[in-house]
Amino acid sequence: MPDESAHPQRKIIHIDMDAFFASVEQRDDPSLRGRPVAVGGGHRGVVAAASYEARKFGVRSAMPSVTARRRCPDLVFVKPRFEVYRAVSQQIRAIFAHHTDLIEPLSLDEAYLDVSEDRHGLGSARAIAEDIRARIRAETGLTASAGVSYCKFIAKLASDQNKPDGTCVIPPSKGPAFVAALPVSRFHGVGPKTAQKMERLGIHTGADLAAWPLAELEARFGSSGRWYHRIARGIDDRPVRASRQRKSVSTEDTFGEDLIAHERLAEELQRIGERSWERIEKADFRGRTVTLKVKFADFTIITRSRSMAGAVGKKADFLRIGQDLLAQLMPLPKPVRLLGFGLHSPVVEEEDGPLQLGLEI
Amino acid sequence: MKATIERAVLLKSLGHVQSVVERRNTIPILSNVLLEASEEGSLRLMATDLDLQVDESVSAEVSQAGATTVPAHTFFDIVRKLPEGSQVELSAADGKMQVNAGRARFNLQTLPRDDFPVIAEGDLPTRFELPAATLRQIIDKTRFAISNEETRYYLMGIFLHVADDKLKAAATDGHRLARVTVEKPEGADGMPDIIIPKKCVGELRKLLDEVEGTVEVSLSGSKVRFGLGAAVLTSKLIDGTFPDYNRVIPTANDKLLRIDPKSFMAGVDRVATIASEKTRAVKMAVDSDKVTLSVTSPENGVAVEEVPASYGSDGLEIGFNARYLMDILHEIEGDTVEVHLADAAAPTLLRESDDSPALYVLMPMRV
């Protein structure tokens, strides 16, 4: 059972817009409705978002466009319109703000809300979630799914449960049983590689994970072991942090086989960079330091970064700087098992401050 | 290899080479300095980051010729801490180099000399000589304007070219521009336009402190080599096109302010004290006999200072980044600086006089 002795019962909602970018495009262009749509793509691009029609064919976000096209030959590619997504995101945040000030946005289309206060006396967190979903539908013409629970970890799992356009409530008494039945690959903090490692250890579900003693998990997974031990029991004390400011956005990938050739690494970096940039745009993150992380086959890690005077605003610049950082490491002393690539050093826009004018050069 | 060398001589030379070596390297040999003792009684020290290479020879007592490489920063730190006046004995054999001085003894790991990369200079068809003092002047008066902006990598160095039968050096970061014009040296005719990277500029400037007389400059479109007596600095050049900077040098700024650069700079420095760290914007109100400098900071308060000046046009208010203004004023040697103004949003020209070699263009801040 969750340890609630120290804290009163919290009520947390995770709101997740359904196929957000694709739904906005289908809303604004009736000819796209009912058809498989992918936002993003282009030459060497990746899918930023796929409509539900496209998902039936196995098209997923972060998938290379060529793969998506192969799986679904009728797929319609649409250029992303981030200014529209940002505007809709503002609309839904205003709806959240009607119910609580404790809003932690995760990206343009996803947020945690702490509604323990029940500002308007609706009586239950489920009622608040339904009110939010109804307002989102009325004001934006889009659907959202909600997960309602006593912690962030379970709320997020729950929002996925009745998607699209659904609500799932997991009360504290059902939390551990809910977690026990789910595959570990869906857990926050369990990436594809960790999931594979868990599979090899015979850990498939939350129940399998809960059977492992803390010391064993820490021995196998290091500092993450403690987190796995707690979530397997449905325990997550992380607060909803309204003031949360992202420090960085990055993507990393472990390769199937260790790589050393510059050409191969450059290809992988391009691929990771495309994905990373999608996430940067989705998170609406403005940063000025491009960072490349290299983990070698012997698990030693180096990072290289380069800072600009202002935010890196163009994908082409981001990718070029990353390739530059990689090129400077050549020739490599040993094979590489993982590359990470992202943006750090958030830039806060100063609106009314003095403005340095530039030479026309 | 066996050689004995005076600590002070070794330290000075290592000081030159160690700063070329990057602190972090994935290729181990790049952390090392090459030491080569020859029978004529000299010790050669060489370091590289693959873009920039320094090669220096000092006299030493050599009892056995040979060469090796040792970690540059470690070796530098050791020699730095050895007692003043000591004689340093170096002997390399079997993958180790022993360093003996007084009662201290070190055994350093070495890497083979043959693995040490040397920049292939290729053909350097343009050759000329420049007085060391001229080269110092070129660097000092332009380097502060070099850009750090990687997205415009072609601005990350000093642009050197021949135009109007003169040798011209320019640097800009898009906010300010500095240009120095000197006599065209013999041999510079037909030289390619080159951009010397910032790191090379910094190392060159350090070496120039110890050079009298002239510096031999040899270059091609991709490399430059500076011969400075015992030291040779070779660098790759920035592969890019420097923009046509003449377009941004104003020619019709008709409001002329004359002011003492020292009191102007001191005043800017004082009022900028209360500016918030990031912006450091200083406002200048220009009148017939004075400039009123002021800074208003929402957090800290207000600072005002009047500096005597001479000015014959309509009054004007204009803002500048204090740092940028001081960088320029610092390089003005005489007792008057001319500030040619147009309006509060236009490029401003600064120079000592119309025949001074250096010229600066500064964009204002909107305050």
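In β12(A), Gly340(A) is the bridge partner of Glu252(A). This is a predicted model.

## An enclosed strand: β1 of chain A

Strand β1(A) covers residues 12-17. How many of its residues are buried? The count is 6 of the 6, so the strand is largely enclosed by the rest of the structure. In a regular strand, side chains alternate between the two faces of the sheet. Here both faces are covered. Ile12(A), His14(A) and Asp16(A) are buried on one side. Ile13(A), Ile15(A) and Met17(A) are buried on the other.

β1(A) has antiparallel pairings with β6(A) and with β7(A). With β6(A), residues 110-114, there are 5 bridges. His14(A) has Tyr112(A) as its bridge partner in that strand. With β7(A), residues 144-149, there are 6 bridges. There, Asp16(A) has Ser145(A) as its bridge partner.

## A helix pair in chain A

Helices α4(A), residues 82-99, and α5(A), residues 125-140, have axes that come within 10 Å. They cross at roughly 145°. The crossing is right-handed.

From α4(A), the contact draws on Val88(A), Gln91(A), Ile92(A), Ile95(A), Phe96(A), His98(A) and His99(A). α5(A) supplies Ile128(A), Asp131(A), Ile132(A), Arg135(A), Ile136(A), Glu139(A) and Thr140(A). By type, the residues of this contact are 7 nonpolar, 4 polar and 3 charged.

## Chain B as a whole

Chain B has 367 residues, and 56% of them count as buried. It contains 6 helices and 26 strands. Among its contacts with a separation of 6 or more, 68% link residues 24 or more positions apart. The chain exposes about 16,400 Å². Carbon and sulfur atoms supply 45% of that area.

## The 8-stranded sheet of chain B

An open sheet in chain B has 8 strands, in the order β6-β2-β3-β4-β17-β16-β15-β10. Its pairing is antiparallel. Which strands stand at the edges? They are β6 (66-71) and β10 (126-131) of chain B, and each pairs on one side only. On average, neighbouring strands are turned by 15° against each other, direction ignored.

Within this sheet, β2(B), residues 32-38, and β3(B), residues 42-48, pair over 5 bridges. Ala37(B) stands opposite Leu43(B) of β3(B). Helix α2(B), residues 72-81, packs on the sheet and touches β2 and β6 of chain B. Its direction makes about 90° with that of β6(B).

## A buried loop serine

Ser220(B) sits in the loop between β15 (214-219) and β16 (223-228) of chain B. Is Ser220(B) buried or exposed? Its relative accessible area is 10%, which is under the 20% limit, so Ser220(B) counts as buried.

Neighbours within four places in sequence aside, Ser220(B) is in contact with Asp123(B), Leu124(B), Pro125(B), Pro192(B), Ile194(B) and Leu237(B).

Conventions:
Residues are numbered from 1 along each chain as its sequence is written. Chains are lettered from A and ligands numbered from 1 in the order in which they are written. This is a predicted model: local features need pLDDT of at least 70, side-chain atom pairs count only at pLDDT 80 or more; totals for chains, interfaces and linings use all residues. Side-chain values use heavy atoms; hydrogens and water are left out. Axes are lines fitted to C-alpha atoms, for helices over the stretch in contact, and angles run from 0 to 180 degrees between N-to-C directions. Helices (H or I, at least four residues) and strands (E, at least two) are DSSP runs, numbered from the N terminus. A crossing is left-handed if the near helix is turned anticlockwise from the far one by less than a right angle, and right-handed if clockwise. Contact means heavy atoms within 4.5 Å. Ala, Val, Leu, Ile, Met, Phe, Trp, Tyr, Cys and Pro count as nonpolar, Asp, Glu, Lys and Arg as charged, and the others, Gly among them, as polar. Buried means under 20% relative accessible area, exposed over 50%, partly exposed in between (1.4 Å probe, protein chains only). Accessible areas come from the Shrake-Rupley method with a 1.4 Å probe; for residues, only the protein chains shown count as cover. Two strands pair if DSSP finds at least two bridges between them.
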